[in-house]
Amino acid sequence: MRGSCVRVLYQETSAVPDVPDDVVPPTASTADAPAVVGAVVVAIDGPAGSGKSSVARRVAERLGLPHVDTGALYRAATLAVLRAGADPTDEADCAAVVADTVLERHAGRTLLDGEDVEDEIRGPDVTASVSAVSAHAAVRDALLAAQRGAVAEEGGVVEGRDIGSVVLPDADVKVFLTASVRERARRRAAQLGRDDLEDLEREIVARDTADGGREVAPMQVAEDAWVLDSSELDLDAVVASVVERVVEQVAARPRDPLRARRALPRVAVVGRPNVGKSTLVNRILGARVAIVEEKPGVTRDRTEHPAEWLGRHFLVVDTGGWEHQAEGMAARIVDQAEAAVAAADLVVFVVDATVGALEDDERYARLLRRSRVPVLLVANKVDNDRQEALVHELYGLGLGAAHPVSARHGRGVGDLLDEVLAALPTAADQAPAVSTVPRVAIVGKPNVGKSSLFNRLLGEERSIVDSVAHTTRDAVDTMAEIDGEPWVFVDTAGMRRRYRHGEETELYSVDRTRAAIESADLVLFLLDASEPLGEQDQRLAALLREAGRGVVLVCNKWDLVDEDRRLDLEKELDRLLSFAAWAPRVNISAASGRGLRRLLPQLRTVWDNYRRRVPTREVNRLVEEAVARHPLPRQGQKNLKIRYATQAEVAPPRFLLFANGRLPASYRRYLERELRERHDFTGVPLTIEDRPPSPRQRR
Ligand SMILES: Nc1ncnc2c1ncn2[C@@H]1O[C@H](COP(=O)(O)OP(=O)(O)OP(=O)(O)O)[C@@H](O)[C@H]1O
Ligand SMILES: Nc1ccn([C@H]2C[C@H](O)[C@@H](COP(=O)(O)O)O2)c(=O)n1
């Protein structure tokens, strides 16, 4: 009696202990295999004899991923059909046979109802019928779940015909491997020891036509697949380029939280002073982050805060109040608000419903209507149902219906956030965030000369250096053109002494300094050379170490340094910045301008180095040579090996070493020195990570 459901088990491992190697032996044993981080899925589709199996198996071995041969399942199903005496062209018969069969893949072998049929399924009888059996929708449906399940946990390198297009359309890397019919026939002839090239060509064309011409899930190039014609490449070259592509793809997954953050959509909250913008921002963030005081314009500058609603992430940009004909400090705040609008994906325009639309609101509404940024009009201070009617008065602003909220009590904020999500671009709409303009944070303890240096660099008074207390409590970004090149300066809040303004203010300042460093590419770390370096410098150095940005060390007040102080300073710097011996140093006097002319060229060099990419071939050569000079140590019984190395990221540079075990930190430091010796990474921290095999592989 036939069973009612098919059982297809796909339990592949990257270990292939008993598989007969066809022509080329595998490049590494499982124990040596390097592992790719995470569950990477690689789809390799292509016509018969293009090299899918050989390439997929080697790529899987190199990357420590399971190799999934989906053709083997169709072949085993075909063998079952043939053994049952069923008609390979009859869908119902084939489906019935498959439903009554247990198909399994185990460690590179194929089992049919428990019997190892790996060799039989590769024979001519199965090959002649497999295209017919695999053309049936019912057969394909029966095998689909097992193919997907095979990569669900640990990913894998999956070969077949419809992997990138149907089985795993979300695969991380899709390759369509092909070669000319003549070349495929030649390879097959060598593989099978045949010399009837023309017959082989005919067989290949027949299978291509059947597999590519069927109605259900035909063999095809997936839309986003990389077509690799191997006609003139040897197997090693094909494997190397697929591995390289996968590693690059994995490496391109954003790891730097900052990079991910820059890719987030921005929601700018704008409005007149005191309409409740900061209260609304706090409400959205669910924390007291913006500085709220009942005094117009207290959130002076532009601050950005990561926010999340219903699982979607975005940045909320809090701005100072918009004032018409503002002068001095207020005018600069207006500039910042306008810059925030220009850089926003969505503007939340807040109006105080209790006072209605004032002349200034109308003026800004006109401005916003002219900008191409979508705007949500928010009527704040609607604390109860009775006040809902107030929203209608805001129609006249020409920005559509206002959303009533009470930022103070949270009323209506959830609905507003639903609207925000609906209006925001999705990840797919967003262009990849690549920083082309360097962002520079000027960091140093209070009174070290940050503002003077900033102004000197810009050649004019551009920084907000009003005499109002706490002026630089919030971070301000300034875009500047220097010698025709654009730079963004992230002006930071100074780190005040812990209890001077109370703990809360201090915490905000530390957080914002950290945020400024993180949101920058390069940091000008300013020290007062004339005084002993202290606790505040140490805390800043710790932030720098954590953030991993490009650094130029600037020793200010150099005109006040005598010979004794100079000697002490050298020792203090050695201690403070032992982790950043790579950072260049410039001695200056921001007050007189002395030494400043050397600063910008230095900054440019570090910016170039920060984005420097060493080609993969070169990294591998360098590692190979370094290992030849200083062999890797043994780890227990094992000889450590680095199988593959690549620069996974730039800005900041990150190198990945695929090894068969954990590399000692001292060895990674040795490789870092080698890298620095051959490539200019002055001013730039280098991350060198190893990827040992997963626990599963070590089993
Ligand atoms: N780039 C290459 N250069 C030289 N020989 C190759 C290359 N790629 C594969 N081969 C050889 O060609 C033969 C066929 O390759 P393979 O069996 O991997 O192809 P396939 O696409 O999986 O075929 P099928 O779809 O029929 O299973 C093997 O002997 C393999 O070693
Ligand atoms: N995803 C797949 C895999 C294979 N098939 C069919 C078509 C092939 O001719 C046959 C054998 O595959 P091979 O072992 O030669 O790779 O199986 C398919 O339709 N879809």
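A residue counts as near a molecule if one of its heavy atoms lies within 4 Å of it. In this predicted model, 19 residues surround ligand 1. The closest are Gly49, Lys52, Ser53, Ser54 and Arg188.

**The ligand site**

| Residue | Protein atom | Atom of ligand 1 | Distance |
|---|---|---|---|
| Gly49 | backbone N or O | oxygen | 2.9 Å |
| Ser53 | polar side-chain atom | oxygen | 2.8 Å |
| Arg187 | side-chain N or O | nitrogen | 3.4 Å |

On its own, ligand 1 has 630 Å² of accessible area, and the protein covers 89% of this. By residue class, the shell holds six nonpolar, seven polar and six charged residues.

**Backbone features in loops**

A cis peptide bond links Ala651 to Pro652, with omega at about 0 degrees. Pro652 sits in the loop between β24 (642-649) and β25 (654-659).

Asn274 is not a glycine, yet its phi is positive, at about 70 degrees. Its loop runs between β10 (266-271) and α11 (277-285). Asn274 has 36% relative accessibility, so it counts as partly exposed.

Lys557 is not a glycine either, and its phi is also positive, at about 60 degrees. Lys557 lies in the loop between β20 (550-556) and α18 (563-576). Is Lys557 buried or partly exposed? Buried means under 20% relative accessible area. Lys557 has 22%, so it is partly exposed.

Note on methods. Residues are numbered from 1 along each chain as its sequence is written. Chains are lettered from A and ligands numbered from 1 in the order in which they are written. This is a predicted model: local features need pLDDT of at least 70, side-chain atom pairs count only at pLDDT 80 or more; totals for chains, interfaces and linings use all residues. Side-chain values use heavy atoms; hydrogens and water are left out. A polar contact is a pair of N or O atoms within 3.5 Å; within protein, one must be able to donate a hydrogen and the other to accept it, and residues adjacent in sequence count only if both atoms are side-chain atoms. Accessible areas come from the Shrake-Rupley method with a 1.4 Å probe; for residues, only the protein chains shown count as cover. Ala, Val, Leu, Ile, Met, Phe, Trp, Tyr, Cys and Pro count as nonpolar, Asp, Glu, Lys and Arg as charged, and the others, Gly among them, as polar. Helices (H or I, at least four residues) and strands (E, at least two) are DSSP runs, numbered from the N terminus. Buried means under 20% relative accessible area, exposed over 50%, partly exposed in between (1.4 Å probe, protein chains only).
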